[in-house]
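Dear colleague,

I am passing on the structure below, followed by notes on what was found in it. Please keep it open while you read.

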Amino acid sequence: MPKGYLSIVLHAHLPYIRHPEHTRFLEEEWFYEAVTETYVPLIKVFTALVKDGIDFRVTMSITPTLLSMMRDPLLQSRCASHLDRLIELSKAEMARTSGDVAFRELARMYHGFFVEAREIFCGRYGKDLTQAFKEFQDSGKLEIMTCGATHGYLPLLALPREALRAQVRVAVETHTRILGRRPRGIWLPECGYAPGLDEVLREEGLRFFILDSHGILFGTPRPKYGVFAPVYCPSGVAAFARDGESSKSVWSAKEGYPGDSWYREFYRDIGFDLEYDYIRPYLNGDGSRIGTGIKYYRVTGPGFHKEPYFPERAGQKADEHAGHFMFNRERQIEYLSGLLDRPALVVSPYDAELFGHWWFEGPRWLDALLRKIDRDQNTFKTITPIEYLEKYPRNQTVTPSMSSWGYEGYSEVWLNQANHWIYRHLHKAAERMIEAASARPTAQGIGKRALNQMARELLLAQASDWAFIMKTGTHTAYAVRRTKEHLGRFDLLRSQINKNSIDSRTLESIESRDNIFPDIDYKVYASP
Amino acid sequence: MRKSIKRKSQKKSETTRNITPDSVEFELPPNYGDTQVTLLVKDPWWLYAYWELSGSRVQKTVLRIYELTGGTPEAEPLRFFDIQVQETTGNWFIDVGLPDKFWRAEIGFIGDGGRFFVLARSGVVKTPRFGVSEAVDPEWYFSDEIFWKIFRCSGGMGESLSSHEVQRIVVQPELGNRPGRAVLPRRKKAL
């Protein structure tokens, strides 16, 4: 009998970015980079663990926008082209560095990495990575949660309630359609919670979600087990809290593993370092320098001077850090077992894209960690939230406190001087969507298509990513444009519907552009 | 109602029917012709209000913020304060400074005799608690001593302590039970 459990949760999300009108588009590349550097490497880790008979559990949220992008034929084929370009670039790099002892092995490593990624992406999974994640889900190793349909930050969208319900219901439907199983849990976008929101989750058949620590710690009444056991909200939906200590060891910029001097340096990329004419064919359409994914240096230290990357040493470091993490969880859980009258649950959520994309060695760390947990100790086991609930169905009822996992723990990131202006328009659009849907409960033909498209535009406008990007200050113009475009298309369709003059060419054009959620039903917005 | 979609280079002859998503730059309308005020919660100490007033500009526009006795429709105002505002379409970040309280906003104007005329009223919102609840469920009870040890391990002392450090600290009585004085665990994204 283990003394406790660990739930590793990886939140995989990208906003819906798809620009058929451009041959290459800067922000669209986020998806290709994440496929190459995070999703395929995670699939490699899970594949190897299963093959080697390792008993492990991981929980992931794969957001409906990301699932939709993984399934989109245009993005799939562009992703294959992206991998082809990287293979070509790595070949050029092997030739360029052939006389350079430090770099030629690295160029060869990247070449192998990209070739393997292409084989997995195109060969094994026919460009559809949802198949891979579904496999691990069906084998019981991976619990996949859903998220808000477009990652809308729910505490600020909860006006009116139908807007909230649509984010959740469309998510559940998309998840079920693509992964073949209803989700049991939901990653609330940015862990954004406000009391009462759980009612909607229950209505949509969801059984659990995850909060930041203070969401539970500051709940009412005080939670007996702190963050080390789930609580039931008054609705009966279970809330799990993030453990700060285990999160910190990975997240913290200061003490976290990813900052180790032997790990690969993210910001030194040949896209910035090499001669422009040589690298130009591999840059984006406008020719501005961007990261290519080929990076030859290690973190080294805080200064500008960087030493060449040494993959073997970095791999050893990842193994050491996995051992360190496991050791600390053993100590943590042993200590807690002296306090609690039941096995403690430690929930450690991370952004999935940290693993591989930002922290190149992250997938190796995860692989080593899960092997060690299975083979080298008996203090704790990995578990999914739903398995824990099945083992321990009796839990305290607590109303969690409004919270998020953003900076300062509340809504500041999504509501500040840089982005507050969006809410007036988002709320108005939601109100108008509800009016339009409620007034036309039986729309058919082109009218129904226009209403469905209005619903897509509203959901896309609600993505928390736009507010987040406006706050962080890079790619701001794009985030503003996306917000305005979706609200604009929404308004255009609404005015055509109201005038009874829907232009089929316009509608088709918008449908083909914003083609997410093909089976959406606008009536999700109809007032009951 | 203002038209919310305008061509960048205005051509009067063009109708909505000819506008494609590619050919326009969308501009949001400055207002919607409503008279309303909406209140949102930013964090335990701050609210945010946005409003618009249709019709002619009123003098001495006031955003009045009430603290209420509860969250139900019958809740009574406990007290209020006024913010003088200029714009008929505007917004304000409001420093209420009080976690765990109920709030409502009204937008209106002060008449000649000093009387407040309400033009629109918001829904009720609540600032979240900032600290551990004093309510204890007897069925789910640990002594204060154990609870505060668990609380510290839960990250309730801020992000800088590991469980080893917490273990050391909790044996020091001067750092013992201090209900309600919690340090918020902060997460600064490494990305």
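Chain A of this predicted model is divided into domain 1 (4-23 + 44-69 + 141-408) and domain 2 (415-525), with bounds that come from an automatic or database domain assignment. The centres of domain 1 of chain A and domain 2 of chain A, taken over C-alpha atoms, are separated by 29 Å. Where they are in contact (heavy atoms within 4.5 Å), domain 1 of chain A gives 30 residues and domain 2 of chain A gives 27 residues.

Before going on, please note that residues are numbered from 1 along each chain as its sequence is written, while chains are lettered from A and ligands numbered from 1 in the order in which they are written. Because the model is predicted, local features need pLDDT of at least 70 and side-chain atom pairs count only at pLDDT 80 or more, whereas totals for chains, interfaces and linings use all residues; side-chain values use heavy atoms, with hydrogens and water left out.

The two domains of chain A bury about 2,500 Å² between them, 60% of it on carbon and sulfur atoms, where buried area is the accessible area (1.4 Å probe) that two parts lose on being put together, summed over both. Of the area that domain 1 of chain A buries against domain 2 of chain A, 23% is supplied by Tyr16(A), Thr150(A) and Leu156(A), more than by any other three residues.

Between these domains there are two salt bridges, a salt bridge being a side-chain nitrogen of Lys or Arg within 4 Å of a carboxyl oxygen of Asp or Glu. The side chains of Glu21(A) and Arg513(A) meet in a salt bridge, at 3.6 Å from N to O.

Turning to the two chains, the contact takes 75 residues from chain A and 69 residues from chain B, and together the chains bury about 6,700 Å², of which 61% lies on carbon and sulfur atoms. The count of salt bridges between chain B and chain A is four, and Asp34(B) forms a salt bridge with Lys428(A), in which the closest N and O atoms are 2.6 Å apart.

On the side of chain B that touches chain A, α1(B) gives the most, with seven residues; helices (H or I, at least four residues) and strands (E, at least two) are DSSP runs, numbered from the N terminus.

Best wishes
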